[in-house]
Amino acid sequence: MTFVPFLEDGQCVLVEQPGGPVLPSGDVRPGEDYLFDTVLRVPLETAGFRYQRFRSLGLDDGHLYGWIEGAPYSGRRPHAAAVLTACSAEQAAERLYSAGRAELAAVVRAAAVSYRSLDDQAFYAGNVSRLEHAYLRGVTAAAGSGFGGSEADWRQARHHITDGITRSGTFLDVGCANGLLMESVADWCAERGLTVEPYGVDLSAGLADLARRRLPRWADRIWTGNAIDWLPPDGLRFDYVHILLDCVPRHRRADLVRHHLVSTCRPATGRLLVSEYGASPAAGGTAADILRDLGFACAGRSRGSGVPGYPPDPTAWLDVPA
């Protein structure tokens with residue numbers, strides 16, 4: 001498999017080697033699921049790059065080509081300490097062609113056309129396909145929520161979300177997957193004497209069904225819907241609503257935030273918790289940075305986990321005005 005990496009700002013990434021730039025490439029190992037295992041492992045091992053989105057371009061004599069969107073990785077998974085260069089796809093193709101890698105130059109040009117033509121519906125459909133494929137095969141609760149570490153790692157990586165929860169109330173997790181964050185937030189807040197009633201919604205009907213099976217006591221409060229326009233049933237509103245910025249295309253981030261401030265948070269007293277787990281300059285910075293650039297005034301931000309490889313303040317929050 002060969003991958004054309006893109007940053008969230010649209011720049012293409014090349015791996016610098018003594019003989020000239022290359023693209024991340026590697027074999028599918030026996031027993032690997034290429035759509036999950038290989039597409040994660042190869043960019044990490046050859047480029048120190050972790051993907052968030054993948055789309056295939058085509059198969060040529062047993063060799064699969066595709067593009068990935070993500071960011072350089074600095075966490076605890078095995079990864080290469082590679083030298084990376086970010087530039088436009090046109091510049092990347094020209095550099096590969098000049099280095100005698102005309103085939104890879106053609107792959108970059110094809111990837112750029114595919115990447116730039118991805119519309120909103122294809123974005124959401126790709127998310128459903130990728131996340132269902134990955135999460136439903138997880139053998140642990142964390143894996144079923146898209147997290148590869150241990151229970152302790154999960155707490156370190158997600159507990160910061162509760163920094164913005166300061167009183168008892170209802171909590172909606174938008175993009176709840178198998179429901180692990182719903183129950184974790186309730187448990188973590190209970191340790192501080194707060195009673196939090198969790199709710200969830202997910203774009204994937206398969207993942208919402210999984211959450212209902214895992215959490216039968218809350219099955220009637222887990223729904224299927226798209227974060228960009230989903231409306232709670234019966235006019236429900238929530239004291240705390242958690243959203244991830246990467247669940248919508250980059251150009252829809254402001255729409256996502258406005259929708260939940262108006263349509264899911266409790267008027268006047270609600271709080272919108274906004275997370276950006278993979279904060280980087282290409283992604284727009286931390287959640288607080290992105291919200292500021294979108295024109296929103298943050299009421300606070302999380303302290304972060306202090307764990308290397310995770311952003312220092314992955315969650316920021318907005319209070320619903322009276």
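Which side chain meets that of Asp-163 in a salt bridge, and how many Å is it from N to O?

Reply: Happy to. This is a predicted model, where local features need pLDDT of at least 70, side-chain atom pairs count only at pLDDT 80 or more, and totals for chains, interfaces and linings use all residues. Residues are numbered from 1 along each chain as its sequence is written, and side-chain values use heavy atoms, leaving out hydrogens and water.

The partner of Asp-163 is Arg-303, at 2.9 Å from N to O. A salt bridge here is a side-chain nitrogen of Lys or Arg within 4 Å of a carboxyl oxygen of Asp or Glu. Asp-163 sits in the loop between H5 and strand S6 (169-174), while Arg-303 is in the loop between strand S11 (300-301) and strand S12 (315-319), so their pairing ties together parts 140 residues apart in sequence. Helices (H or I, at least four residues) and strands (E, at least two) are DSSP runs, numbered from the N terminus. Buried means under 20% relative accessible area, exposed over 50%, and partly exposed in between (1.4 Å probe, protein chains only).

Two strands pair if DSSP finds at least two bridges between them. Strand S10 (residues 271-275) pairs with S12 in the antiparallel sense over 5 bridges, and Ser-275 has Thr-315 of S12 as its bridge partner.

For a second bridge, look at Asp-37 and Arg-137, whose closest N and O atoms are 3.2 Å apart. Asp-37 is in helix H1 (residues 34-47) and Arg-137 in the loop between H4 and helix H5 (151-158), so this pair ties together parts that are 100 residues apart in sequence. Asp-37 is partly exposed at 21% relative accessible area, and Arg-137 is also partly exposed, at 35%. Across the whole structure, a search finds 25 salt bridges.
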